[in-house]
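Subject: Structure for your files

Dear colleague,

Here is the structure I said I would pass on. My notes on it follow below.

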Amino acid sequence: MAEVDPHIQEEHFDVLTRTGQKTGTSKPRGDVHRDGDYHRAVHVWIFAESTQELLIQKRADFKDSFAGLWDISSAGHISAGDSSLISARRELEEELGIILPKDAFEMIFVFLQECVINDGKFINNEFNDVYLVTTLDPIPLEAFTLQETEVSAVKYIFYEEYKSLLAKEDPEYVPYDVNGQYGQLFDIIARRYKENTTARSLSLQKQLQHYAPVTLNPELTGLTDADKEALVILVKAATILDEIFHLQVWYSNPALRDWLKEHAGASQMDKLKWMYYLINKSPWSCLDENEAFLTTADSAVKLLPEATKPVTGWKGLEYRAAFPMLKPPGANFYPPDMDKTEFEFWKSSLTVDQQEDATGFFNVIKRHSESSLDSTLNGNTVGSKNHSVGSTPDLYTVPFSQEYNTFLTKAAELLHKAGDLTSSPSLKRLLHSKGDAFLSNDYYDSDIAWMELDSKLDVTIGPYETYEDALFGYKATFEAFIGVRDDKATAQLKLFGDNLQFLEQNLPLDDVYKSKEVISAPIRVIELLYNAGDVKGPQTVAFNLPNDERIVKDRGTSMVMLKNISEAKFKHILLPIADVCITKEQQELVDFESFFTHTICHECCHGIGPHTITLPNGSKSTVRLELQELHSALEEAKADIVGLWALKFLIHKELLPKSLLKSMYVSFLAGCFRSVRFGLEEAHGKGQALQFNWLFKQGAFILNPDETFSVDFDKVEGAVESLSREILTIQAKGDKEAAKLLLQKHCTMTDPLKVALQRLEKVQVPVDIVPRFPVAENILIQNN
């Protein structure tokens with residue numbers, strides 16, 4: 001940690017609360033340690049895989065704390081206004097002369113150090129962000145450039161020996177409580193490199209068994225020859241969006257994917273890793289609350305010859321491309337060390353137009369300081385010792401069209417080519433406008449063209465859903481769905497789109513919040529023949545787009561139903577669930593018509609209820625902006641429960657057959673167990689847990705002595721209406737606190753849910769499907 005030069009202004013630290021939150025004030029370094037203020041620092045550990053050794057440094061003899069003792073590979077305070085990862089990279093460069101990109105650093109935990117030394121003159125209350133850099137081999141000692149004011153020597157030591165020395169409180173080493181928080185470092189290393197391969201292999205096999213393989217092979221007979229030619233181009237374009245999505249999830253994710261694919265044939269374990277990665281499209285398991293099923297030890301190896309000064313006969317530093325064990329809530333849309341407080345503070349300094357960009361769907365947020373460091377890594381500038389950010393905000397926005405320009409330029413070319421080929425005027429318009437949008441970053445016209453699509457070859461392609469942004473729910477991920485329209489089924493569903501305004505007027509919601517101009521939602525039913533991009537884990541059965549509130553307000557939404565996906569889920573998942581979890585007397589009420597009809601109504605109900613709202617202070621906003629990261633879960637719950645209310649309403653108005661009434665409630669109950677198995681970290685799973693627990697507490701769902709469930713038809717209508725009113729009112733008021741309380745109270749794995757899930761686990765009912773697309777696969781093989 002840097003010493004104070006009397007000729008340079010003393011370094012300032014951000015003063016934190018006891019829980020680690022910024023207070024908004026900063027103080028000089030000396031005052032912070034004199035007064036015992038809480039502040040933040042970084043610890044960086046370099047670990048060599050081949051020798052299982054940690055690099056440690058000997059602190060300079062004139063340090064103001066722990067002088068002359070062996071300590072962390074590199075460490076330093078985070079200066080006021082600076083960020084954690086930037087500080088970690090700088091400290092490593094300054095103290096040891098190692099220049100590494102951000103994908104070398106894995107944040108593993110936060111350690112609170114509270115101690116008093118130097119006869120009470122130095123009080124250290126410090127939150128330490130602990131990073132691990134994993135190299136293949138030890139870095140030659142002559143490759144280091146030591147900062148003499150900080151470091152007098154470095155050496156490698158076997159991690160277990162080092163742990164033993166710390167446990168014995170060896171006086172030559174800076175003390176860390178290895179039986180307390182800091183023991184996590186050694187536990188993480190041991191778990192990664194002493195794993196039981198048999199147990200891990202069985203675990204991956206079990207996770208794979210949660211997905212039922214399904215082949216989707218729709219007929220292409222209704223397509224013109226021109227559309228079949230366009231289809232070939234569109235499948236290729238979709239694979240490019242898949243590349244973008246992998247990058248949106250995490251910055252080292254593409255390297256991990258390529259590494260796993262390359263090594264999939266090395267062993268049975270490597271094959272299992274690759275197979276499960278293909279389903280999740282990341283190292284985090286969608287069905288296990290995003291728990292990591294891979295670690296950085298499984299990741300790609302990168303060679304960086306320029307990371308240190310050259311050493312004769314050494315090819316350079318090889319490191320593992322890192323990813324955190326906990327899935328980052330901001331994905332790769334924001335700097336990895338940015339928190340909500342920093343974002344909100346920055347946003348408050350922007351103009352209205354700039355704020356719209358910051359919270360908009362189609363931009364990422366970056367750091368100026370990171371760009372500067374990356375330039376240093378590329379040899380363009382010399383690293384600066386001055387850490388001060390000054391008055392210039394560190395965050396800035398970058399449009400998707402710039403961030404993903406290489407990919408989007410290729411995709412746009414393909415869309416224009418497909419647009420020239422297709423025989424459908426509306427598809428031609430969609431593809432050309434979407435190709436333009438990829439490069440302009442303005443998606444309004446292309447989304448209107450998508451809503452007006454009237455083509456046998458049905459295409460949804462672009463950035464849409466915001467589930468991956470768990471920090472705010474602002475940023476959209478790229479996806480593609482290509483299918484063949486089922487004309488007969490599409491014609492049958494006109495009833496729902498035509499009655500949206502009627503449903504809006506009768507919602508269980510105070511009239512003041514109801515919209516007077518709900519536009520009917522066109523509904524298209526398709527047989528899916530390929531999907532790509534954000535289609536990881538559990539497969540969607542339908543979607544209602546766009547999410548752009550401007551279009552929702554002006555034009556409404558449009559809906560696409562994936563009929564062959566719905567049929568596969570009903571056959572492979574919902575029927576087996578009903579056999580296990582629904583009482584025998586009601587099992588016959590679970591049918592595909594009810595399941596599919598509720599799915600339709602779910603998507604329709606995304607288009608009604610509050611979207612653009614008026615806040616208590618009179619200002620205009622949207623539900624998404626006000627509820628932020630809670631929006632997705634609550635919106636999914638709303639669409640589900642209001643969809644159930646809407647079906648009952650349409651049945652009572654004799655617009656749907658009465659035979660649906662009981663079957664829709666029992667099919668919905670079986671569907672609760674299906675969706676909750678997605679996990680309570682996923683928006684649909686959260687929303688479903690909320691609904692089940694509410695209806696169970698209201699007595700609408702009953703747990704029987706034989707551990708099966710049934711519906712109380714006398715209570716279910718009232719329970720559905722009361723929850724519909726609760727959610728709609730929270731959305732109408734933009735009341736984030738009420739949304740948080742509702743989810744906290746009801747979005748839990750209650751005992752009745754545990755009973756159902758345990759029964760399903762015993763008989764190994766699949767949780768979801770993993771589709772294969774032979775038509776698209778053949779296209780890709782023939783065009784490679």
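Buried means under 20% relative accessible area and exposed over 50%, with partly exposed in between (1.4 Å probe, protein chains only). This is a predicted model, in which local features need pLDDT of at least 70 and side-chain atom pairs count only at pLDDT 80 or more, while totals for chains, interfaces and linings use all residues. Residues are numbered from 1 along each chain as its sequence is written, and side-chain values use heavy atoms, with hydrogens and water left out.

Aromatic rings

Rings of Phe, Tyr and Trp (its six-membered ring) pair if their centres lie within 6.5 Å; planes under 30 degrees apart are stacked, over 60 edge-to-face, and the rest tilted. The whole structure holds 46 aromatic pairs. One of them is the tilted pair of Tyr-38 and Phe-127, at 6.0 Å centre to centre with 45° between the planes. Tyr-38 lies in strand β3 and Phe-127 in strand β8, so this pair ties together parts 89 residues apart in sequence (strands are DSSP runs of E, at least two residues, and helices runs of H or I, at least four, numbered from the N terminus). Both Tyr-38 and Phe-127 are buried.

Trp-284 and Phe-323 have ring centres 6.1 Å apart and planes at 85°, so they count as edge-to-face. Trp-284 is buried at 0% relative accessibility, and Phe-323 is buried at 2%.

A charge sits over a ring if NZ of Lys or CZ of Arg is within 6 Å of the ring centre and within 35 degrees of the ring normal. Lys-102 does this with Tyr-251, 4.3 Å from the ring centre, and Lys-662 with Phe-713, at 5.1 Å.

Salt bridges

With a salt bridge taken as a side-chain nitrogen of Lys or Arg within 4 Å of a carboxyl oxygen of Asp or Glu, the count comes to 50. In the bridge between Lys-63 and Glu-150, the closest N and O atoms are 2.6 Å apart. These two residues sit in loops, 87 residues apart, and both are buried.

Asp-103 bridges to Lys-302 with a closest N and O distance of 2.7 Å. Asp-103 is in the loop between α2 and β7 and Lys-302 in strand β13, so parts 199 residues apart in sequence are tied together. Asp-103 is buried at 7% relative accessibility, whereas Lys-302 is partly exposed at 28%.

Finally, Lys-27, Asp-31, Arg-34, Asp-35 and Asp-37 are linked in a salt-bridge network.

Regards
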